[in-house]
Amino acid sequence: MTRHVFQFPWRSRIDIRRDVDEELRFHLESREQELMAGGSSAEAARTLALREFGDVDDARACLQHIDDTIETTRRRRDYMNDLIQDLKYSVRALRATPTFTIVAVLTLALGIGANTAVFSVVHGVLQQPLPFPHPEQLVKIWSVNPTAGMLKGQVSPIDLDDWRAQRSRMADMGGWYFTDGGTGMDVTGLGEPQRVSTAFVMPGFFSTLQATPLVGRLPREDEMVRGGPDKVVVLSYGYWQRNFGGADSIVGKTLTLNGGPFRVLGVMRRDFAFPSPRTEMFVPYSTFPDRAVPHIRPVRTADVVARMKPGTTIDQVRAELAVITKNLAAQYPDDAAWTGATVVPLHEAMTGSVQTALLVLLAAVTFVLLMACVNVASLQLARATAREREIAIRVSIGATAGRIIRQLITESLVLALAGGIAGCAVALVGTRTLIALSAGQLPRVEEIHVDVVVMLFVLGVSLVSGLVFGLAPALRASSVDIQGMLRASSRSSTSTGGRLRNALVIAQLAFAVVLAVGAGLMTRSFRELLNVDPGFKPDHLLAVNFSINTTRHGDTAWQNYYNNVIQRVRLVPGVVAAGAAQYAPFRGMGERNPFVPVSYEVKAGEEVPAFPTQRISDGYFATIGTRVLSGREFLPADRAGTPTVVIVNEAYARKFFPGQDPVGKQLRSFDAVPITIVGMVGNIRQSDVSVPSEPLVYVNNMQNGRVKVTLVSRTRDNPLTMANSIRDAIWSVDRDQPITSIFTFDDIMNETLAKPRLMTVLFGAFGTIGLVLGAIGIYGVLAFLVTQRRREIGLRIALGATERGVMMLVVRRALSLAASGVTIGIVIALVLSRFVGALLYGVTPTDPSTYLAVIAALAAVAGLASFIPARRAAGVSPLVAMRQE
Amino acid sequence: MAHEPMDLLKGTLDVLVLRTLAWGPMHGYAVTRWIRERTGDALQIEDAPLYKALHRLEQAGCVTAEWGLSENNRRARFYRLTPAGRKQLKAEESAWRRYATAVFAVLEPA
């Protein structure tokens with residue numbers, strides 16, 4: 001205990017040696033003197049003293065060793081004591097200023113947490129390599145049709161076979177046909193009939209990815225071609241686990257898919273989430289019956305992946321494919337317009353759609369981190385300046401500069417540690433929230449983990465910034481003129497600190513402006529999206545997806561089955577109306593078919609323009625609430641045998657019949673037979689709420705049918721409560737009809753808005769954090785300013801300044817800081833705004849009203865933040881100010 | 001601190017040194033003189049082990065050392081018993097007495 005008061009100087013090794021020597025010399029000399037005093041000669045005395053002592057050299061070595069050990073232990077103990085003392089003092093000091101501590105810890109927690117969460121997601125989605133060997137060699141390939149402006153067209157499986165045969169730069173290539181929620185097979189014989197999401201794979205699919213099975217084997221090439229033993233299936237890990245409990249014995253068994261037997265060859269590994277994590281089975285594309293998807297060149301269904309040979313560049317692959325596609329276009333009339341190929345690294349192809357959003361998010365969150373660092377720094381700075389007196393006192397009673405600096409470092413570390421722990425919690429919750437919020441919006445969600453490296457990095461950054469800014473004033477404080485400090489006229493020493501603080505606040509406000517502009521733009525864009533008229537009334541609609549099996553219901557008779565199902569559902573009590581379409585709104589455009597007015601002249605070398613075509617039932621538009629602008633919708637009377645009629649949407653009418661009523665006009669398609677337009681309907685957003693409608697042609701499914709059905713029912717009450725009775729109505733027609741999915745359009749609306757909502761929520765949060773941190777920054781500076789200039793303010797009041805005048809003094813200072821920050825921030829925001837353009841809907845990145853709103857918000861924040869300090873300034877008593885003299 | 005038979009001598013020296021310092025702070029030479037006078041020729045103790053004992057006791061926290069001035073104004077290292085040392089002395093003393101009693105109980109004719 002006493003050591004805390006009297007710090008014994010530590011003894012060096014040399015000191016110890018000298019001390020031991022001196023102690024021994026003192027002993028021997030004292031003994032000699034005593035003996036000589038008793039009458040011995042000097043010689044005899046020395047000999048006797050040495051003999052009585054024993055082995056002097058051994059004793060010396062031994063004593064030195066013991067003393068060295070003592071000293072080491074003492075140092076260690078002193079160090080620990082000091083550390084404990086520092087920690088105790090830090091905690092006490094931090095508790096003495098709870099506002100500072102809470103704000104700093106929260107700031108750190110937000111900065112660390114938000115950054116770790118966003119970095120973790122970005123790292124998982126964008127940076128983790130694909131789970132295939134040598135993923136950098138993999139590229140995705142699309143067919144290009146320059147005349148149609150199609151740069152990323154699906155590939156014809158027949159073209160793919162030719163590419164594969166002619167390739168030389170690519171080690172391998174393969175294709176697949178898969179759409180999420182689209183391609184599937186009906187599994188029967190395992191309880192309730194199930195529709196199972198299936199990828200139809202072409203030769204080279206597995207070998208290009210160099211995928212290996214977990215159990216069993218993958219199909220050989222001869223098992224993936226038409227006419228070969230191709231009735232085989234490979235299961236995904238998840239499907240295998242869920243349906244067969246992960247039993248190896250599944251290999252060699254036979255499953256009934258679409259009514260036919262398929263032999264199970266093997267099971268993929270758990271991490272094989274390609275083409276989608278929701279793919280459950282892999283079946284050779286060759287098993288696709290011709291009547292469903294004809295095996296002809298113009299049918300372009302395949303996605304293609306290729307593996308470049310080692311040492312080959314992507315440009316060489318592009319060059320090679322350019323030649324191959326040009327030759328095929330010259331050789332086959334069907335390929336005439338498809339004269340090129342787009343080649344993109346597979347990783348980029350998989351993450352491309354979210355890349356912009358994630359990178360913008362990353363930029364925004366980096367701004368949050370910068371603000372957090374600046375905030376902690378300026379808080380530290382203000383605090384350290386405020387503590388200059390306290391530090392001066394400690395110096396005057398003997399604390400060394402080193403000791404004080406160590407104490408301040410400890411304090412910063414304690415703060416950073418608290419912030420780090422809170423930040424970990426924020427990061428965990430944040431990452432989970434982000435994944436939940438982005439459900440279905442992000443590819444490769446399975447790769448996302450809270451990144452400890454990132455967390456440590458961010459913690460380190462905020463720690464260092466805290467240290468640097470906490471230490472700079474400490475260094476100054478410990479070396480300043482103590483007398484001056486104690487006289488409390490420390491104003492002179494803080495002018496540089498003041499300037500630094502101003503700069504920090506201005507930087508902070510600039511960051512806040514950038515974040516607020518981002519938040520403003522996202523919010524406006526989101527509101528625009530919410531106000532979009534999708535072209536139908538999404539409430540009270542329930543959709544049921546299924547595919548009709550033509551083997552069961554007959555090549556032509558299935559259309560009657562289709563009709564019967566719709567009629568049956570219309571009879572269900574609570575169903576107001578029912579109709580069907582191939583693809584529900586927001587669920588896709590449907591296949592493209594050439595539909596042009598009969599008078600349309602095809603120019604030389606031009607392909608007949610093709611437009612998305614939807615197959616629908618009678619009563620469909622009445623069901624979903626789309627306005628028929630002219631003519632009529634399909635009637636039960638329009639059926640096979642009667643003349644084919646079509647309905648077009650407004651966009652189509654505007655393109656080909658501007659200013660005219662299209663009803664009664666005639667179109668032609670594959671053959672010369674004219675097709676009459678019987679109606680025009682309002683535009684429906686088919687692919688996405690943010691994508692305006694294309695010209696679209698509606699064909700009656702009873703006249704030219706497709707087996708993929710989305711049956712839509714308008715219900716009187718909550719549509720979800722009707723799901724079972726509607727499904728039972730379908731099953732009352734065919735007990736074995738597999739149902740792919742059941743959903744409401746409210747769900748789809750939510751799903752479609754999920755990504756913009758995510759961006760809006762996150763940017764809103766970042767923007768709010770930005771404004772709050774900015775307000776804290778301004779408040780800190782002003783509060784400090786008022787404290788520092790009490791005397792001056794008091795003097796002014798004594799000389800007759802009004803309360804209002806004094807308050808304005810402070811507010812004006814706040815506004816001038818805000819003005820600088822806003823100016824810089826707006827410039828940064830304008831420079832960065834072009835990067836968010838791709839994420840916005842219906843609002844330009846330089847939207848003036850958003851910028852004005854942000855300026856107003858910042859001014860308001862600055863005003864609010866200056867209110868308390870201004871009041872305090874106005875309340876300064878001239879007497880108190882004088883007395884401080 | 002239990003006594004192991006092998007440490008008998010060491011332990012003996014420790015208790016002698018502690019007992020000596022119980023009179024008050026003194027430098028190493030004074031400690032050796034004092035012990036030498038008390039034990040006379042009965043125990044032939046050299047000075048070296050006594051110094052080792054002093055430093056060892058310092059390490060154990062039983063004594064503290066401080067430089068001071070001797071009777072004839074020379075710099076000397078003075079040792080002082082700490083509260084821990086005093087406690088240690090008490091414990092060792094009673095252990096020694098029990099030991100001695102036990103040995104005497106055997107040696108005395110019944």
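## The sheet in chain B

Let's start with chain B of this predicted model. Here 3 strands make up an open sheet, lined up in the order E1-E3-E2, and the pairing is antiparallel. Strand E1 (26-27) and strand E2 (63-69) of chain B are the edge strands, each pairing on one side only. In general, the strands of a sheet pair through backbone hydrogen bonds, in either a parallel or an antiparallel way.

Now look at how E1(B) joins in. E1(B) pairs with strand E3 (residues 75-81) of chain B over 2 bridges, in the antiparallel sense.

Over in chain A, a few loop residues deserve a look. A:Phe274 and A:Pro275 are joined by a cis peptide bond, with omega at about -5°. You'll find A:Pro275 in the loop between strand E9 (260-268) and strand E10 (281-284) of chain A.

Then there are two residues other than glycine with a positive phi. A:Asn258 has phi near 50° and belongs to the loop between strand E8 (254-257) and E9 of chain A. For A:His540, phi is near 60°; A:His540 sits in the loop between helix H15 (495-530) and strand E13 (541-547) of chain A.

Are these two buried or partly exposed? A:Asn258 has 22 other C-beta atoms within 10 Å, so A:Asn258 is buried, because the cut-off for that is 20 or more. A:His540 counts as partly exposed because A:His540 has 18 C-beta neighbours inside 10 Å.

## Where the two chains touch

How many residues does each chain bring to the contact? Chain A supplies 18 residues and chain B supplies 16 residues. On the side of chain A that touches chain B, the elements giving two or more residues are helix H2 (13-37), helix H3 (42-53) and helix H4 (56-96) of chain A. H4(A) gives the most to that side, with 8 residues.

What kinds of residues are these? Sorted by class, the side of chain A that touches chain B has 7 nonpolar, 4 polar and 7 charged residues.

Notes. Residues are numbered from 1 along each chain as its sequence is written. Chains are lettered from A and ligands numbered from 1 in the order in which they are written. This is a predicted model: local features need pLDDT of at least 70, side-chain atom pairs count only at pLDDT 80 or more; totals for chains, interfaces and linings use all residues. Two strands pair if DSSP finds at least two bridges between them. Helices (H or I, at least four residues) and strands (E, at least two) are DSSP runs, numbered from the N terminus. A residue is buried if 20 or more other C-beta atoms lie within 10 Å of its own, exposed if 12 or fewer, and partly exposed in between; C-beta atoms are placed from the backbone. Two residues are in contact if their C-beta atoms, placed from the backbone, lie within 7 Å. Ala, Val, Leu, Ile, Met, Phe, Trp, Tyr, Cys and Pro count as nonpolar, Asp, Glu, Lys and Arg as charged, and the others, Gly among them, as polar.
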